[in-house]
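Hi,

Here's the structure I promised to pass on. Have a look at it, and then read on for what turned up.

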Amino acid sequence: MKRSRINDIMAEADEMIRSHGFTLPPWAYWSPDEFRARKAEAAEVVRARNGWDITDYGAGRYDEMGLFLFTLRNGRLADLQRGGGMCYAEKLLISKQDQLSPMHTHVIKAEDIINRGGASLVVELYGSDTDGHFDATKGGTVMCDGLRRDFAPGEKLKLSPGESVTLMPGDWHAFWGEGGDVLIGEVSTVNDDETDNIFREPIGRFSRIEEDVAPTHLLVSDYRDWLGA
């Protein structure tokens with residue numbers, strides 16, 4: 001993806017987030033130079049990989065297959081493993097109309113996917129085989145707003161604003177906006193986007209960036225190169 005396109009997506013996403021009554025934390029708006037200057041102060045933000053995250057899954061077709069994310073808070077795997085402490089994470093996502101977030105599952109993370117506003121969110125579901133692999137013949141059970149719901153393989157849930165689905169490790173899912181763009185909330189256990197996204201197809205989680213202009217704000221995938229962290 002071109003950096004200029006990423007900058008535009010950030011601006012559009014911020015406008016949509018604000019239109020639904022949400023405001024990102026102040027450090028979201030730091031310039032790269034300010035982030036460098038305040039790196040020690042922001043050490044926990046960087047460690048947790050909180051911040052802007054825009055991906056086309058390496059395919060170069062963002063409008064067709066991509067996702068905007070902003071990680072607001074993220075706990076520690078060590079806390080999750082010992083069963084106490086900061087075991088949770090929270091994100092805002094935007095799924096544009098007919099923009100696919102492709103079929104995937106997680107090994108560790110359980111998550112609530114919540115339609116926070118906009119159009120309908122379609123979530124396509126499959127179950128796993130005994131080894132946790134995608135199984136086109138398997139359905140399963142999820143919780144929708146706390147109510148049990150059995151699903152057939154390939155069933156598509158349509159979530160209106162305010163509705164949600166709880167997905168457990170091994171629940172294979174893809175999603176997209178239907179009828180317009182959707183602001184999505186994600187509340188989950190500790191999140192590791194570098195290792196805990198298992199895609200059905202061999203695709204990448206992060207985008208390759210063409211630096212045609214300077215970044216407005218850093219992506220989480222920029223932290224190593226720009227901050228050495």
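This is a predicted model: local features need pLDDT of at least 70, side-chain atom pairs count only at pLDDT 80 or more; totals for chains, interfaces and linings use all residues.

Of the 22 residues that line it, the ones nearest its centre are Arg49, Asn191, Asp192, Asp193 and Glu194.

How many cavities of 30 Å³ or more does the structure hold? There are 2 of them. The largest cavity comes to about 140 Å³, and 18 residues line it, with Leu67, Leu69, His104, Glu186 and Asn197 closest to its centre. Two or more lining residues come from each of strand 2, strand 3, strand 4 (101-105), strand 5 (111-128) and strand 11 (172-189). Strand 11 has the largest share, at 3 residues. By class, the lining of the largest cavity divides into 7 nonpolar, 5 polar and 6 charged residues.

The second largest cavity has a volume of about 30 Å³. Its lining is made up of Trp27, Ala28, Trp30, Phe35, Gly51, Trp52, His217, Leu218 and Tyr223. What about charge there: how many charged residues does the lining of this second cavity have? None: the lining has 7 nonpolar and 2 polar residues, and no charged ones.

The largest core has 29 residues, and the members that touch the most others are Leu24, Phe35, Trp52, Ile54, Phe68, Phe70 and Tyr223. At least two core residues come from each of helix 1 (3-19), helix 3 (43-48), strand 1 (51-55), strand 2 (67-74), strand 3 (88-95) and helix 5 (223-227). Which helix gives the most to this core? That's helix 1, with 6 residues.

Beyond its neighbours within four places in sequence, Phe70 is in contact with Leu24, Pro25, Trp27, Ala28, Gly51, Trp52, Glu90, Lys91 and Leu92. There's also a second, separate core of 21 residues, and Leu69, Ile113, Leu159 and Ile184 are among them.

Now for the aromatic rings, which make 8 pairs in total. Take Phe35 and Tyr223: the ring centres are 5.5 Å apart and the planes sit at 50 degrees, so this pair counts as tilted. Phe35 belongs to helix 2 (residues 32-37) and Tyr223 to helix 5, so the pair ties together parts 188 residues apart in sequence. Are these two residues buried or exposed? Both Phe35 and Tyr223 are buried.

Trp52 and Phe68 make another aromatic pair, this one edge-to-face, with 5.9 Å from centre to centre and 70 degrees between the planes. Here too distant parts of the chain are linked, as Trp52 is in strand 1 and Phe68 in strand 2, 16 residues apart. Trp52 has a relative accessibility of 2%, so it counts as buried. Phe68 is buried as well, with a relative accessible area of 1%. Both belong to one aromatic cluster, formed by Trp27, Trp52, Phe68 and Phe70.

Most residues other than glycine have a negative phi. Tyr57 has a positive one, near 55 degrees, and you'll find Tyr57 in the loop between strand 1 and strand 2. Asp145 also has a positive phi, near 55 degrees, and Asp145 is in the loop between strand 7 (140-144) and strand 8 (147-151).

Asp145 has a relative accessible area of 42%, between the 20% and 50% limits, so it counts as partly exposed.

Cheers

How values were computed: Residues are numbered from 1 along each chain as its sequence is written. Side-chain values use heavy atoms; hydrogens and water are left out. A nonpolar core is a set of buried Ala, Val, Leu, Ile, Met, Phe, Trp, Tyr and Cys residues joined through side-chain atoms within 4.5 Å. Buried means under 20% relative accessible area, exposed over 50%, partly exposed in between (1.4 Å probe, protein chains only). Helices (H or I, at least four residues) and strands (E, at least two) are DSSP runs, numbered from the N terminus. Contact means heavy atoms within 4.5 Å. On a 1 Å grid over the protein atoms alone, a cavity is a set of points where a 1.4 Å probe fits but cannot get out, and a pocket is an open set with protein on both sides within 12 Å along at least five of seven lines; lining residues have an atom within 4 Å of a point. Grid points are joined across faces, edges and corners, and a volume is the space filled by probe spheres set on the points. Ala, Val, Leu, Ile, Met, Phe, Trp, Tyr, Cys and Pro count as nonpolar, Asp, Glu, Lys and Arg as charged, and the others, Gly among them, as polar. Rings of Phe, Tyr and Trp (its six-membered ring) pair if their centres lie within 6.5 Å; planes under 30 degrees apart count as stacked, over 60 as edge-to-face and the rest as tilted.
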